[in-house]
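Open the model in your viewer and keep the sequence panel beside it. The stops below go from one selection to the next.

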Amino acid sequence: MPLAPANQAQLIRSSQKDEYYRSVLRNSANEAYQSVAGSKQWLDWRREIELLSDFAYYGLTTLSGYQTLGEEYVGIIQVDPGQRQIPSQGRRWLLVLCHAFFPYILEKALVCVENELEGGQEMRGRRQVASGGWSLERWLRRAVGKALGLLTEQQRRACQPAVFVIQQSVALLQRLHVALFYISGSFYHVSKRAAGISYLRVTGPNAGEPTIRSSYRLLGTVSFLQLLIAVALQLNNFRQRQRARQEWRLYRNLSPQHSASSNPRAARCTLCLEARRHATCSPCGHLFCWECITEWCNTKVRLQPPHADISSLDASLHPHPSASALVQHADSASFTAYHPPYSSRTELYWLPQQSNLSCFF
């Protein structure tokens, strides 16, 4: 009697069982290493210990030509694309590498790139000071640092969104692959699709086979529609963030002059971490750039400035009757006539100790 392909329920149940036994092996290895080497060393090598545990599990099962515990539980066997013999040793190695090693490398590489792009000179200084033996993570950090060190500052800033896009794309591709699995009934994991390994069941025929496959096809269709909606929402959020970033840059460039200060350690805005431009004071007494605090208020549902310890904030802002007179008396300060880009419903006050025009919300 020819063997029939395994259905979606069997493949999912097999994967769940394998994941359970892999987690048991991981926990045992982590506990053993932590008790021997201590918590600090365990935290540094935790991810590598889990990787070695996965290799041990698949080395004793798939790479040795045996069924995994999950495959044995549901009664399925691996076959090559021709479905006439078990996969070759090369296909099984490719399966294990794609399933355990490549995700580890991708995760570590993305984290190193993200830290390097955000840290800049600070991260390079830490690498020079850090000491210790060889590890894969340190090797990746050095390799990523050398590669990104060739980029200019503008190119580094342009690469920052690319890391986020790659991370989101990987998650979306995994969801797409699962939806296709529900519809087609083969290749539950991307690694098995890459290696061309499918499954045949060794048990007898199931009377509810058509019902199971049709139910999973319906689930796959719903999952695919949900994925399309999620992608549309993420694209919409991305466009809104890009538009907000462009408007922010525009408003920041409307008044390029900084407030003059003889003190080299001039106070900085706690929002943009730069020297305050047209310092603006909130009711709680904190000072910000005019563009920063107005942008912050426009992007928040509640009009409450950062650091404020107040129960409510009066959103009814009215132009101060003597605002123009205050501007005329600002000759001694480095103040440039500036029209707020958001709203003119603002009360302006002159703070002599700050030597600039400030605004109370």
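Throughout this tour, a contact means heavy atoms within 4.5 Å. The model is predicted: local features need pLDDT of at least 70, side-chain atom pairs count only at pLDDT 80 or more, and totals for chains, interfaces and linings use all residues. Numbering starts from 1 along each chain as its sequence is written, and side-chain values use heavy atoms, with hydrogens and water left out.

**Whole chain**

Start with a cartoon of the protein chain, which has 11 helices and 7 strands. These are DSSP runs numbered from the N terminus, with helices being H or I of at least four residues and strands E of at least two. Of the 361 residues, 33% are buried; buried means under 20% relative accessible area, exposed over 50%, and partly exposed in between (1.4 Å probe, protein chains only). Switch to a surface: the accessible area is about 22,100 Å², and carbon and sulfur atoms account for 57% of it. That area comes from the Shrake-Rupley method with a 1.4 Å probe; for residues, only the protein chains shown count as cover. Among contacts between residues at least 6 apart in sequence, 65% join residues at least 24 apart.

**Arginine 22**

Select arginine 22, in helix H1. Is this residue buried or exposed? Arginine 22 counts as buried because its relative accessibility is 7%. Leaving aside residues up to four places away in sequence, arginine 22 touches Asp54, Tyr57, Tyr58 and His99.

**Serine 191**

Serine 191 is in helix H8, residues 190-195, and is buried at 3% relative accessibility.

**H1 against H7**

Two packed helices are described by the angle between their axes and the distance between the axes. Show H1 and H7, which pack at about 135° with axes 9 Å apart. Axes are lines fitted to C-alpha atoms, for helices over the stretch in contact, and angles run from 0 to 180 degrees between N-to-C directions. H1 is therefore oblique to H7; under 35 degrees counts as roughly parallel, over 145 as roughly antiparallel, 65 to 115 as roughly perpendicular, and the rest as oblique. Gln8, Leu11 and Ile12 of H1 meet Phe181, Tyr182 and Ile183 of H7.

**The largest nonpolar core**

Now select Ala6, Ala9, Leu11, Ile12, Val74, Ile76, Phe181, Tyr182, Tyr199 and Tyr216, the 10 residues of the largest nonpolar core. Such a core is a set of buried Ala, Val, Leu, Ile, Met, Phe, Trp, Tyr and Cys residues joined through side-chain atoms within 4.5 Å. Helices H1 (8-37) and H7 (153-184) each supply at least two of its residues, and H1 gives the most, with 3. Centre on valine 74: not counting residues up to four places away in sequence, its contacts are Gln10, Arg13, Ser14 and Thr203.

**Two loops**

Most residues other than glycine have a negative phi. Glutamine 83 has a positive one, near 55°. Find this residue in the loop between strand S2 (76-79) and helix H4 (89-119); glutamine 83 is partly exposed, at 39% relative accessible area. Finish at phenylalanine 187, in the loop between H7 and H8, where phi is also positive, at about 60°.
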